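Have the sequence and the 3D view side by side as you read.

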Amino acid sequence: MSVEPLALDTDPKAYLALHDLLDEPAADAALTDREREVRTLTREVVSREVAPRAAGLDATHAFAHDSVQALARAGLMGLVFPAHLGGTGDTNVAYAVAMEEVTAGCAATSLVFMTQMHAAYPILLAGSDELAQRYIPGLLDGSVYGALGITEPHAGSDVASLRTTARPTGDGYLLDGAKTFITTGDRAGVIICFATVDKSLGRRGISAFVVDGGWDGVGHGRPFEKMGMHGSSTAELFFDGVRIPADHLLGEEGQGWRVVMNSVVKSRISAAAQGVGLARAAYARTLAALTRLHGSRLPDEHTFALAELRGRILQGRLLLHAVARQVDTATDIPTGQIGMMKQACTDLGFTAAVEATRILGPYGDLAVLGVERCLRDAKVTQIYDGTNEIQRLLIGREITRAMGELT
């Protein structure tokens, strides 16, 4: 087989033709006309501006600035935000569909894309109108990059153990501490920082703040070397006596945990959509490579394996759309249900990439075909936004509560 780049990486028409072929009527039937319109627009932008850059970003570790800016110019970064802030007021399903499309073209670009929303959403959720007007439009138009500062060296999934402190002063707060594994942390101009105002209160002592990345005392670490997602950056953040004005508090003091929990619903939709998008990318790349090798008639062993993958991808997409639709229509979504979506869809992305690599045999290891990139990119989706072990714990707690109600 030729080891030249696949056509879907170099020719937007080939990219569109293959991914249009992979659409499933069973999943599309539940989408509105507007949601299908968002998917079409996103896929077209990805085919021209995102997918052709993906391999180069992975090889050079360059930041996916141009790809993200293309998505911003198309108006895709503000899908779930109101028009007066620069958004389009679309559904969570539309956002999930767009995330899947961006990820299928370049997972690293999708990580930056979703981080912009993750930084803007807590401000929309709990910030004042003035804060929203000051910070959200820039995040949506890509003129400033954002970061979500939760994880610390000693506090990952256990947010209640945060050591970063915000000490009240006469006119605001004094912030001290450090964050790690922060997506886009090296270049963030807007940081949503979670810190404790009273360690003795545990999660009830956590507050959330909007921090300007250029303020005195804010330090940005160098990006880490990572296994995958090379076109996005992950770094440490440092806060040394940073003065935060009182009006940069999100919600009320001690409500940071509530902001976290309301925000992770959006971020776990993002991660789940990445899982489905990575599974679809691995499938599409495997199909394209096998067709180059065998022509249109594939060996039965490959056909059977691809058929299995196709069914699992459809299941993941249906789960993603169903839970995102619930978020659009219901006021209280069980944490376990969000966890099932995140865990199942990100596990799908990783296992599909493993299976695609197996199907291709020695060719699966070739960087030029991009399947091994899917495998490397997929692993971290099982870890961030609450590890999949944590998701299983949350699901198990709901099962225990349900059983307790029966006895």
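**Residues and helix pairs**

Set aside the neighbours within four places in sequence, and leucine 394 is in contact with Arg268, Thr335 and Gly336. Keep in mind that this is a predicted model. Leucine 394 sits in helix 13, which spans residues 388-406. Is leucine 394 buried or exposed? Leucine 394 has a relative accessible area of 18%. Buried means under 20%, so leucine 394 counts as buried. Now look along the chain. Leucine 394 and glutamine 337 are 57 residues apart in sequence, and their C-alpha atoms are separated by 8.9 Å.

Next, turn to helix 9 and helix 11. Helix 9 covers residues 256-294, and helix 11 covers residues 335-360. Their axes come within 8 Å of each other. They cross at roughly 20°. Angles under 35 degrees count as roughly parallel, so helix 9 and helix 11 are roughly parallel to each other. The crossing of helix 9 past helix 11 is left-handed. What classes of residue make up the contact of helix 9 with helix 11? There are 19 nonpolar residues, four polar ones and two charged ones.

Aspartate 28 belongs to helix 3, residues 25-28. Its relative accessible area is 14%, so aspartate 28 is buried. Which residues does aspartate 28 touch, not counting those up to four places away in sequence? They are Asp23, Arg36 and Arg39.

Threonine 40 lies in helix 4, which runs over residues 33-60. Its relative accessibility is 40%, so threonine 40 counts as partly exposed. Threonine 40 and threonine 329 are 289 residues apart in sequence. In space, their C-alpha atoms are 24 Å apart.

Helix 4 also pairs with helix 5, residues 65-73. The two axes come within 9 Å and cross at roughly 165°. Angles over 145 degrees count as roughly antiparallel, so helix 4 and helix 5 are roughly antiparallel to each other. Helix 4 passes helix 5 in a left-handed crossing. Which residues make the contact? Helix 4 supplies Val45, Glu49, Val50, Arg53 and Leu57. Helix 5 supplies Asp66, Ser67, Ala70, Leu71 and Arg73. By class, the contact of helix 4 with helix 5 holds five nonpolar residues, one polar and four charged.

How values were computed
Residues are numbered from 1 along each chain as its sequence is written. This is a predicted model: local features need pLDDT of at least 70, side-chain atom pairs count only at pLDDT 80 or more; totals for chains, interfaces and linings use all residues. Side-chain values use heavy atoms; hydrogens and water are left out. Axes are lines fitted to C-alpha atoms, for helices over the stretch in contact, and angles run from 0 to 180 degrees between N-to-C directions. Helices (H or I, at least four residues) and strands (E, at least two) are DSSP runs, numbered from the N terminus. Angles under 35 degrees count as roughly parallel, over 145 as roughly antiparallel, 65 to 115 as roughly perpendicular and the rest as oblique. A crossing is left-handed if the near helix is turned anticlockwise from the far one by less than a right angle, and right-handed if clockwise. Ala, Val, Leu, Ile, Met, Phe, Trp, Tyr, Cys and Pro count as nonpolar, Asp, Glu, Lys and Arg as charged, and the others, Gly among them, as polar. Buried means under 20% relative accessible area, exposed over 50%, partly exposed in between (1.4 Å probe, protein chains only). Contact means heavy atoms within 4.5 Å.
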